[in-house]
Amino acid sequence: MSRFCMYPTGGQAGVMLEHCAHARYVWNLAVEQHAHWRPGRKSGPGFAEQCRQLTEARRDNAWLAAGNADVQQQALKDFAKAKTARFVSGFGEPTWRKKYRHEGFRVIGTDRVPEFRPDGSPKLNAKTGRQVHGRSVVVRKLNRRWAQVKVPGCGWVRFRLCRAELPAAKTFRVTFRNNQWHIAFAVIPDAIEAPGTGKVIGIDRGVKITAALSDGRKLNCPQLTTKEWAQIRKHQRRAARAPKGSDRKRAGYAKVAKLKAREADRRKDWCEKTSTILARTCDLVRFEKLNIKNMTASAKGTVEQPGKQVRQKAGLNRAVLAHGWGLLRRRTEEKAPGRVEAVPAPYTSLRCSACGWIEKNSRKSQAEFVCVSCGFTCNADENASCNVAAGQGGIPRPRRTAGAGGVTVATGRSSAREPQSTGIGIPLA
Ligand SMILES: [Zn+2]
């Protein structure tokens with residue numbers, strides 16, 4: 001996918017927002033149709049049937065008829081795709097789209113271009129023997145920095161061309177989020193080829209250092225600065241105290257959202273750049289296997305049994321999510337398919353990468369690692385990443401076994417437990 005910032009004029013933006021509204025309306029209708037299903041009932045209508053229904057609905061509804069039929073139909077197509085991919089996409093069952101939050105629509109190109117097979121021969125119709133033509137989006141390069149795309153009802157809309165060549169795609173998707181329009185062309189880029197040097201790298205992801213590499217590099221995901229956090233808190237405080245429904249309240253929360261969007265942009269940019277570097281320079285990338293969803297579960301508990309240190313856990317969760325661990329791993333896998341491995345995470349931070357001894361006393365502090373067995377000294381994160389690179393970590397947990405007929409009593413802590421976070425300051429942002 002190649003995504004660019006889009007800069008429509010005021011009039012064009014108005015038309016595009018209307019497209020968003022139509023696409024959302026049609027999508028939500030489709031969601032409603034399928035939400036009706038219960039075991040024993042007939043399944044909801046498929047794409048072809050929905051398209052027929054859309055034509056009928058356009059005849060009765062003037063607002064819908066005023067919109068673009070292609071945009072509305074593509075919303076149904078998107079829904080059909082989301083529905084078929086619901087078990088593999090990770091997004092699950094397609095759900096409701098909300099105004100201001102999910103603003104976007106898909107456009108199918110109006111140009112017709114001859115299609116070719118992967119070997120370069122022209123694709124022919126099996127019956128008639130004539131050349132098959134496929135759709136293509138209409139794009140035009142203006143100069144080195146700017147290009148234009150045809151959007152139905154808007155004519156040419158400019159977008160910032162931040163790549164050397166124009167993308168060739170059948171469809172594109174326009175989104176409006178955080179007050180910025182984006183255009184994403186539906187192209188799957190080729191995988192990055194392995195350099196062929198046989199280099200294996202292990203990556204230990206942490207909160208202090210986002211990614212410690214086994215070759216000693218320490219990469220950090222940029223966070224919001226202290227000043228920016230102070231600004232967020234200031235606007236949050238003022239908005240919270242402003243009268244209900246006032247302009248001041250809305251403006252305050254808009255400023256908070258803008259700053260948080262900046263944080264997300266920064267994180268995404270870093271993940272993209274880092275995953276490209278990893279895919280280009282290493283033959284095999286090993287990550288420790290983390291279940292981030294479980295790790296960042298809330299500690300709140302229930303009303304009867306409230307959890308302990310809920311605020312602290314929430315802060316840690318926020319810090320974990322702010323480092324984009326999941327995104328880095330996913331993007332690396334997408335750029336270097338088949339060259340990313342998962343290593344079991346237990347004890348990677350306690351195992352000595354020189355002799356393999358596992359002991360919590362080796363971990364002197366958050367950053368320092370001194371092996372109690374062989375005296376190997378290293379930075380703790382680097383030591384962990386070396387273990388990951390070697391594919392080492394998980395061994396069976398040391399078990400407290402009871403004698404014949406005895407009952408196991410938990411006495412004291414195991415010697416293979418990480419130092420807990422008493423000394424580590426969790427940034428409570
Ligand atoms: Zn050792």
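Which residues in α1 meet which residues in α4? I noted first that this is a predicted model. On the α1 side I listed His 19, His 22, Ala 23, Val 26, Trp 27 and Ala 30. On the α4 side I listed Val 71, Gln 72, Ala 75, Leu 76, Asp 78 and Phe 79. I then sorted the contact by class and got eight nonpolar, three polar and one charged residues.

Next I looked up the geometry of this pair. Helix α1 covers residues 10–35 and helix α4 covers residues 69–84. Their axes are 8 Å apart, and the packing angle is about 40 degrees. Angles under 35 degrees would count as roughly parallel, so I wrote down α1 and α4 as oblique to each other. For handedness, I recorded the crossing of α1 and α4 as right-handed.

I moved on to the sheet. What is the order of its five strands? I read it as β12-β11-β10-β13-β14, in an open sheet with mixed pairing. At the edges I found β12 (218–219) and β14 (340–344), each pairing on one side only.

Strand β10 (residues 200–205) and strand β11 (residues 211–213) run antiparallel and are joined by three bridges. For Asp 204, I found Ala 212 as the bridge partner in β11.

Last, I asked which helix packs on the sheet. It is α10 (residues 380–389), which touches β10, β11, β13 (284–289) and β14. I noted about 130 degrees between the direction of α10 and that of β10.

Methods. Residues numbered from 1 in each chain as written. Predicted model: local features only at pLDDT ≥ 70, side-chain atom pairs only at ≥ 80, totals over all residues. Axes fitted to C-alpha atoms, helices over the stretch in contact; angles between N-to-C directions. Helix = DSSP H or I, 4+ residues; strand = E, 2+ residues; numbered from the N terminus. Parallel < 35°, antiparallel > 145°, perpendicular 65-115°, else oblique. Left-handed = near helix turned anticlockwise from the far one by under 90°. Contact = placed C-beta atoms within 7 Å. Nonpolar A, V, L, I, M, F, W, Y, C, P; charged D, E, K, R; others polar. Pairing = 2+ DSSP bridges.
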